[in-house]
Structure formats: structure tokens, C-alpha cells
Amino acid sequence: MAGKPDSWLFQLSPEDIADLENAARHFIALGLDVGEISKETFPLTTFSTHVRDLSKILLNGVGVQVLRGLPIAGYSQKFSATIFCGLGAHLGSARSQNAQGHILGHVRDIGGDVNDPNSRIYQTCERQTFHTDSADVVGLLCLQEAKEGGRSLLVSAVSIYNRMRAERPDLLEKLFDPIATDRRGEIPEGAKPFMEIPVLNWHMGHLTVFYQRQYIDSAQRFDGAMPLISEHVEALDMFDALANDPALCFGMQLEPGDMQFVYNHSQLHDRTGFLDWPDPSKRRHLMRLWLSIDGDRPLPDCFKERYGSIEIGNRGGIITKETKLHAPLD
């Protein structure tokens with residue numbers, strides 16, 4: 001992947017950009033909130049063919065694509081968000097990314113404490129570590145880069161599985177146990193403060209990954225969470241080591257205007273730590289989407305603990321009693 005960027009990098013043509021911009025102008029003229037965007041209110045013409053190809057690449061291909069060349073320097077934040085959310089609406093349905101119901105997320109350092117068990121790590125400047133999110137597809141739109149760092153990293157869960165199967169099948173087996181993962185305070189009504197979803201699941205011919213090591217470790221604070229025995233810890237440590245093996249993972253530096261889409265059930269993603277600009281107006285800022293896609297793989301029942309529903313095309317996200325869906329522009 002690192003040596004073959006053509007397998008994951010797509011350069012937008014002037015015609016592609018014009019189609020996206022025309023659809024955005026059409027939507028904005030309707031006077032609707034960005035959270036209400038749909039395929040019908042964001043009408044694509046020629047670029048819709050590539051959107052269908054992108055869905056196939058995510059679900060059945062390499063599992064990642066970066067669309068490059070969107071000239072966001074000349075856009076308002078609302079116009080950028082409209083293009084990003086409109087493209088997302090053609091790919092699938094947007095899901096809530098937090099208890100507040102944000103379907104448009106903002107990835108930036110707001111001074112969160114990485115050691116706070118209720119903190120969200122993407123709101124810090126620290127290294128995230130390889131993990132998955134709570135949706136079928138994760139989308140990012142880069143608005144501004146950091147002064148240094150902030151490199152996007154990816155690794156295939158199947159690659160990790162194959163290495164562990166060859167080298168330590170005894171430890172691999174432990175990753176199919178129902179390991180507790182911290183909800184970090186975002187708890188659906190009637191649910192426990194942690195989920196019990198295995199790191200790896202075989203289901204109807206698919207290997208699906210669900211992983212966030214810091215949240216697994218912090219879940220051990222709860223009564224009722226399955227204690228991690230030494231073999232579980234060794235298995236998790238090996239999983240992390242392989243995820244960071246340069247022979248298995250690769251990285252990319254997202255540029256302003258890049259839109260990255262990653263298939264969450266087969267890929268783990270990460271971000272290196274970064275040093276931001278002193279000027280607040282220049283600081284690293286990415287918009288984020290969580291999407292559920294039609295035609296996707298079935299998920300095992302245990303995913304209901306996180307997704308609520310596992311209905312294909314209508315699953316994923318974080319929903320609590322107070323959740324109301326909306327799309328904050330900043």
C-alpha cells in the first residue's frame with residue numbers, strides 16, 4: 001500500500017470538483033441544516049459513478065480511499081461541511097459520534113487529558129494508538145494540518161490475524177473472548193458502563209475487528225468487567241506490536257482538502273502525536289463522519305451492545321437517552 005498509492009489515492013478532476021460544488025450550492029439554497037442533507041438534496045451527476053466505485057472499494061477492496069484536490073482554501077467552513085456531508089449521504093447514513101448527537105465531528109486538540117478515563121483521545125494532541133470506531137465507515141476531511149506530525153496510520157486486521165495464527169495461535173484464541181471495553185461515560189439507558197465485545201469475531205464468513213486498547217484497560221475499573229488474565233494481556237500486547245510493525249502498517253499525511261474514507265470492520269486506524277501552531281486560526285482541524293452503508297457485511301449480535309441495531313444500512317453510532325442528532329459546523 002505504501003508503495004502503490006494509486007491503490008488508495010484518487011485525484012479529483014475539475015469535473016468532479018464542479019459536480020460537488022454545484023450540489024453544495026443547490027443544498028445551501030434550500031436553507032436547510034447540514035444535518036438534514038440527503039442524496040436528494042445534494043444531487044450529484046457525473047461523480048455519482050465514482051461514489052458507487054468507492055463503496056465497492058471500502059466493502060470489498062482495499063478498504064481505504066483518499067479523495068485529493070478539493071480546493072477548500074476558497075470555501076467557507078459551511079461549504080466544506082456541505083460537500084463532505086453530502087458525499088457521505090451518497091455513501092450511507094450518518095451516525096451519532098457522541099452522546100450529544102453530533103453527526104459531524106471535529107477532530108482537534110481541545111486540551112483533553114489523555115489520562116482521564118472519560119476523555120476522548122481524538123480531542124488531544126497525543127498519539128491515539130490503533131483502534132476502530134463505532135460505525136461501518138469512518139470519513140475525515142482535512143481542513144488544516146498541524147505544524148508537525150498528525151500522520152494518519154492504517155493496518156489490516158486480517159494481516160494481524162494471519163501473523164498471530166502463524167506465530168501464536170494460543171494467544172489469538174484469547175482475542176475471541178468477550179473483552180470489556182469502557183464506554184467513557186456515554187452509556188445508553190439500561191446499559192452497563194462497558195461493552196463486552198470480542199476484539200475479533202468470525203461471523204458468516206467475515207473477520208470483524210472491534211478494538212480500543214486504552215478503553216479496554218480503563219474498563220478494568222468497573223465491577224463486573226471480566227478480569228484480564230495474563231494470557232489476555234499478552235495477546236493484546238502482541239496485537240498492538242503487530243499493528244505497529246512497519247511490515248504491516250502504513251501511513252499518509254492528509255493535506256487540506258483531502259477526504260479519507262476507511263472501512264472500520266477490517267482496518268484499524270491511528271494518528272501520530274502532533275505539535276500544533278500557536279495561532280488558534282491555523283491549528284489542526286479535521287471534520288469526521290461515521291457512516292452506515294447498504295450492502296455491508298452482517299455483524300454478530302454482540303455488536304448490539306455498541307450499535308444498538310445491527311440492521312445493515314442503519315447501525316452504529318453512540319445513542320443515549322439525551323441524544324438529539326445535529327451537525328455542528330464548528
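Reply: Asp245 has a relative accessibility of 18%, so it counts as buried. The cut-offs are under 20% relative accessible area for buried, over 50% for exposed, and partly exposed in between (1.4 Å probe, protein chains only). This is a predicted model: local features need pLDDT of at least 70, side-chain atom pairs count only at pLDDT 80 or more, and totals for chains, interfaces and linings use all residues. Residues are numbered from 1 along each chain as its sequence is written, and side-chain values use heavy atoms, with hydrogens and water left out.

The partner of Asp245 is Arg163. The two form a salt bridge, with the closest N and O atoms 3.2 Å apart. That term asks for a side-chain nitrogen of Lys or Arg within 4 Å of a carboxyl oxygen of Asp or Glu. Arg163 sits in helix H4, and Asp245 in the loop between H7 and strand E12 (250-252). The pair links distant parts of the chain, 82 residues apart. Helices (H or I, at least four residues) and strands (E, at least two) are DSSP runs, numbered from the N terminus. Arg163 is partly exposed, because its relative accessibility is 27%.

Now the helices. H4 (residues 157-167) packs with H7 (residues 230-243) at an angle of about 125°, and their axes are 10 Å apart. Axes are lines fitted to C-alpha atoms, for helices over the stretch in contact; angles run from 0 to 180 degrees between N-to-C directions. H4 and H7 are therefore oblique to each other. Under 35 degrees counts as roughly parallel, over 145 as roughly antiparallel, 65 to 115 as roughly perpendicular, and the rest as oblique. The crossing of H4 and H7 is right-handed.

With Ile160, Met164 and Glu167, Arg163 forms the H4 side. H7 brings Ala235, Met238, Phe239, Leu242 and Ala243. By class, this contact of H4 with H7 has seven nonpolar, no polar and two charged residues. Contact means heavy atoms within 4.5 Å. Ala, Val, Leu, Ile, Met, Phe, Trp, Tyr, Cys and Pro count as nonpolar; Asp, Glu, Lys and Arg as charged; the others, Gly among them, as polar.

Next, the other charged pairs. The structure holds 16 salt bridges. One of them joins the side chains of Asp136 and Arg315, at 3.0 Å from N to O. Asp136 lies in the loop between strand E4 (105-107) and strand E5 (137-144), and Arg315 in the segment after helix H8 (304-307), so this pair ties together parts 179 residues apart in sequence. Asp136 and Arg315 are both buried.

Asp301 and Lys304 make another salt bridge, at 3.9 Å from N to O. Asp301 counts as exposed because its relative accessibility is 55%. Lys304 is partly exposed, with a relative accessible area of 43%. Elsewhere, salt bridges link Arg213, Asp217, Asp237 and Asp240 in a network.

One backbone detail remains. Arg184 has a phi near 55°, a positive value in a residue other than glycine. Most residues other than glycine have a negative phi. Arg184 lies in the loop between strand E8 (180-182) and strand E9 (194-196). At 7% relative accessibility, Arg184 is buried.

How values were computed. A crossing is left-handed if the near helix is turned anticlockwise from the far one by less than a right angle, and right-handed if clockwise.
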